[in-house]
Amino acid sequence: MDPVLIRYVREPNSFTLDFYLQRRQGYEGLRKALAQTPEQVIEAVKASGLRGRGGAGFPTGMKWQFIDKKTNKPRYIACNADESEPGTFKDHLLMERNPHLLIEGCLIGCYAIGAKVAYIYIRGEFHHVQLVLERAIEEAYKAGYIGRNILGTGFDCDVYIHRGAGAYEAGEETALLESLEGKRAQPRLKPPFPATWGLYGCPTAVNNVETLCNVPLILLHGVEWYTALGPEKNGGPKLYCVSGHVARPGVYEATMKTTLRELIEVHAGGVRDGRTLKAVIPGGSSVPILLPHQLDVQASFDGIAKAGSLLGSAAIIVLDDSTCMVWLALNLLHFYRHESCGKCTPCREGTDWLFKILLKVERGDGDERDIALLENVAGLITGKTLCAFGDAAATPVLTTLQHFKEEYIAHVQQGRCPLVAPWRAGPVPAIASH
Amino acid sequence: MSFHPQMDYAGAHQRSMRAQPTDDGQPFEYTPENRVRFEEIARRYPPEQRRSAILPALYLVQRQRGFITLNAIQHVAQVIGCTAAEVEDVVSFYTMFYTRPMGRYVLQVCRTLSCALLGAERVTEELSAALGIGVGETDAKGTFSLLEVECLGACDRAPVVMVNDAWHECLAPEAARALVEALKARGEDAVSGCVHKVEK
């Protein structure tokens with residue numbers, strides 16, 4: 001299939017309004033949406049089966065339908081551009097090279113749910129992307145696609161950027177709203193869901209960048225075109241981020257009929273330097289590992305779920321045989337320990353414990369009891385926190401223990417890490433206690 | 001931070017290296033331009049929700065002063081109409097707000113999985129050796145600070161180092177020293193920027 005979302009990203013000035021209008025039928029989707037009623041737009045998005053691209057895969061049309069329409073409070077679209085799941089870098093490309101597609105998606109979303117403002121919550125580290133988006137928004141204001149009486153239809157809408165400041169947790173939808181309100185990015189108790197109690201207590205739809213970028217395409221090319229692109233219930237184009245030990249890491253667009261093996265071996269050129277594949281993390285750091293024999297599955301929400309993992313944010317991290325799996329769990333737990341927002345005790349304390357026990361094992365100072373303790377502590381986190389972060393943090397430990405327990409045992413028996421790859425730093429420094 | 005008695009509080013692997021905001025003894029007030037800029041930003045939010053502008057307000061402080069001081073927190077609270085505690089609450093949560101003076105070039109090495117798989121740990125080692133400072137430190141002249149950062153979202157261009165607000169991509173460990181020299185000689189022009197930008 002020809003790419004739709006990222007087709008022109010390598011062409012000069014593809015981020016400009018002129019390019020968008022001339023080469024991509026820019027804002028035609030918006031024009032078509034505004035010619036329909038908001039209910040019809042939601043129906044079309046529902047019929048397309050578009051599923052959220054941020055990680056959970058929840059149907060976008062349903063999310064919009066849940067928005068409380070009877071209230072007289074304002075409604076909002078909050079676009080989640082906090083892209084911070086390790087291994088994910090697709091929204092970055094969309095925003096930097098095709099920003100008007102996102103703006104158009106925000107506008108259609110606002111029209112569908114009756115909102116007058118969309119906030120794009122972009123992570124603080126994407127400063128260069130933010131500059132491109134700001135420029136695009138300014139262009140769109142000047143051309144009358146954003147602002148008052150858009151395209152002469154009487155529809156008013158504003159699009160604003162809100163810059164985050166370095167917090168993984170802000171990618172969780174309620175934490176994102178808290179951060180937008182000028183507070184710490186910590187999740188809220190759900191329910192109430194954002195559809196009834198979101199930003200400033202008003203009905204809010206929180207949608208991922210890639211999700212909103214799909215919406216203009218549905219309006220432009222029609223529901224049938226969209227659903228035909230993928231397997232049942234997994235329609236539309238999909239962006240995959242392939243990184244790690246592959247020859248050509250990058251963002252690849254495909255339909256969800258593609259298999260994981262194709263993405264890794266054909267698109268990304270397979271494992272680099274003639275090494276062999278050890279394992280694959282198919283959907284960002286918080287999903288279970290798949291082994292080389294499990295890759296002949298469709299890279300769809302349902303296909304990867306059947307194989308025992310999750311598509312998540314479609315961040316495929318490829319690991320070759322030089323990777324120590326205890327080190328991998330340690331690296332990811334360093335991440336989760338740093339990023340835990342601290343609201344729920346099991347996650348705040350548990351990630352700290354997991355990290356420190358893993359450090360002890362990786363350094364070769366652990367014993368069998370530590371391996372059992374890891375399993376125990378991870379089990380005390382899963383399902384006991386307000387948001388999915390807790391489960392995500394426990395997953396790297398549980399999945400490496402499930403598939404590579406012998407590596408943990410080797411660390412304990414040999415009193416050192418048996419597999420220190422040349423790309424790693426010297427010995428892990430000692431810590432005071434333990 | 002764990003509160004268990006067997007846990008180590010002062011060790012090298014503590015989660016947070018963040019210091020409390022300091023009172024540098026200097027009063028803080030926005031420059032007139034920044035004050036105007038702040039009000040422009042605050043208009044993006046409903047009038048009764050000015051607190052939403054805390055993050056942008058703190059970015060303005062950081063651009064003006066280099067880091068966030070106690071007096072700056074007071075000023076932001078006053079301008080927004082909230083308590084200083086509410087502002088400090090935010091400052092202490094987000095990693096991109098500095099509470100102490102930083103070097104002219106803040107180098108932040110992405111240390112998370114995809115970058116680490118391609119040598120980020122060694123990049124940090126090399127940078128640390130070239131600069132003569134450890135992670136979390138600033139050199140005596142105030143030129144460089146070295147930090148580690150969690151996933152920047154550029155895993156296809158690993159290893160990535162953020163230099164102030166810009167990205168330097170595909171930094172092989174062997175090239176780390178050369179980057180330091182290039183920064184000394186040419187400043188931020190030495191940074192490769194983001195590969196997606198094809199219009200150079």
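Chain B holds seven helices and five strands. The model is predicted. Along the sequence, the elements of chain B run α-α-α-α-β-α-α-β-β-β-β-α. Chain B also touches chain A, with 52 residues from chain B and 60 residues from chain A in the contact.

**Chain B overall**

- The C-alpha atoms of chain B fill a box of roughly 55 × 50 × 30 Å along the principal axes.
- Chain B has 200 residues, and 41% of them are buried.
- Take the contacts in chain B with a separation of 6 or more: 63% of them join residues 24 or more positions apart.

**Helix α4 of chain B**

- Helix α4 of chain B spans residues 84–91.
- Its buried residues are B:V87, B:V90 and B:V91.
- Why do these residues share a side of α4(B)? They cover an arc of only 105 degrees around the axis, which puts them on the same side of the helix.
- In general, an α-helix has 3.6 residues a turn, so residues three or four places apart point the same way.

**Where chain B touches chain A**

- The contact draws 52 residues from chain B and 60 residues from chain A.
- On the chain B side, the elements giving two or more residues are α2, α4, α5 (113–117), α6 (120–131) and β5 (166–168).
- The chain B side divides into 27 nonpolar, 13 polar and 12 charged residues.

**A helix pair in chain A**

- Helix α13 (residues 325–339) and helix α14 (residues 345–362) of chain A pack together.
- Their axes are 9 Å apart, at an angle of about 150 degrees.
- Angles over 145 degrees count as roughly antiparallel, and α13(A) and α14(A) are therefore roughly antiparallel to each other.
- The crossing of α13(A) past α14(A) is left-handed.
- From α13(A), the contact uses A:V326, A:W327, A:A329, A:L330, A:L333, A:H334, A:Y336 and A:R337.
- From α14(A), the contact uses A:T351, A:D352, A:L354, A:F355, A:L358, A:L359, A:V361 and A:E362.
- The residues of this contact divide into 11 nonpolar, two polar and three charged.

**Cis peptide bonds**

- In chain A, a cis peptide bond joins A:K190 and A:P191, with omega about -5 degrees.
- A:P191 sits in the loop between α8 (173–180) and β5 (204–208) of chain A.
- In chain B, the peptide bond from B:A158 to B:P159 is cis, with omega near -10 degrees.
- B:P159 sits in the loop between β3 (144–149) and β4 (161–163) of chain B.

- A:K233 is not a glycine, yet its phi is positive, near 65 degrees.
- A:K233 lies in the loop between α10 (223–228) and β6 (237–244) of chain A.
- A:K233 counts as partly exposed because it has 14 C-beta neighbours inside 10 Å.
- B:N164 is not a glycine either, and its phi is positive at about 50 degrees.
- The loop between β4 and β5 of chain B holds B:N164.
- B:N164 has 15 other C-beta atoms within 10 Å, so this residue is partly exposed.

- A:N149 belongs to strand β3 (residues 147–150) of chain A.
- Is A:N149 buried or exposed? With 10 other C-beta atoms within 10 Å, A:N149 is exposed.
- Leaving out residues up to four places away in sequence, A:N149 touches A:G154 and A:D156.
- A:S300 lies in the loop between β8 (277–281) and α12 (301–306) of chain A.
- A:S300 counts as buried, with 25 C-beta neighbours inside 10 Å.
- Leaving out residues up to four places away in sequence, A:S300 touches A:G230, A:P231, A:N234, A:M256 and A:L311.
- A:S300 and A:G312 are 12 residues apart in sequence, and their C-alpha atoms are 9.7 Å apart in space.

How values were computed. Residues are numbered from 1 along each chain as its sequence is written. Chains are lettered from A and ligands numbered from 1 in the order in which they are written. This is a predicted model: local features need pLDDT of at least 70, side-chain atom pairs count only at pLDDT 80 or more; totals for chains, interfaces and linings use all residues. A residue is buried if 20 or more other C-beta atoms lie within 10 Å of its own, exposed if 12 or fewer, and partly exposed in between; C-beta atoms are placed from the backbone. Helices (H or I, at least four residues) and strands (E, at least two) are DSSP runs, numbered from the N terminus. The arc is that of the directions from the helix axis to the C-beta atoms. Axes are lines fitted to C-alpha atoms, for helices over the stretch in contact, and angles run from 0 to 180 degrees between N-to-C directions. Angles under 35 degrees count as roughly parallel, over 145 as roughly antiparallel, 65 to 115 as roughly perpendicular and the rest as oblique. A crossing is left-handed if the near helix is turned anticlockwise from the far one by less than a right angle, and right-handed if clockwise. Two residues are in contact if their C-beta atoms, placed from the backbone, lie within 7 Å. Ala, Val, Leu, Ile, Met, Phe, Trp, Tyr, Cys and Pro count as nonpolar, Asp, Glu, Lys and Arg as charged, and the others, Gly among them, as polar.
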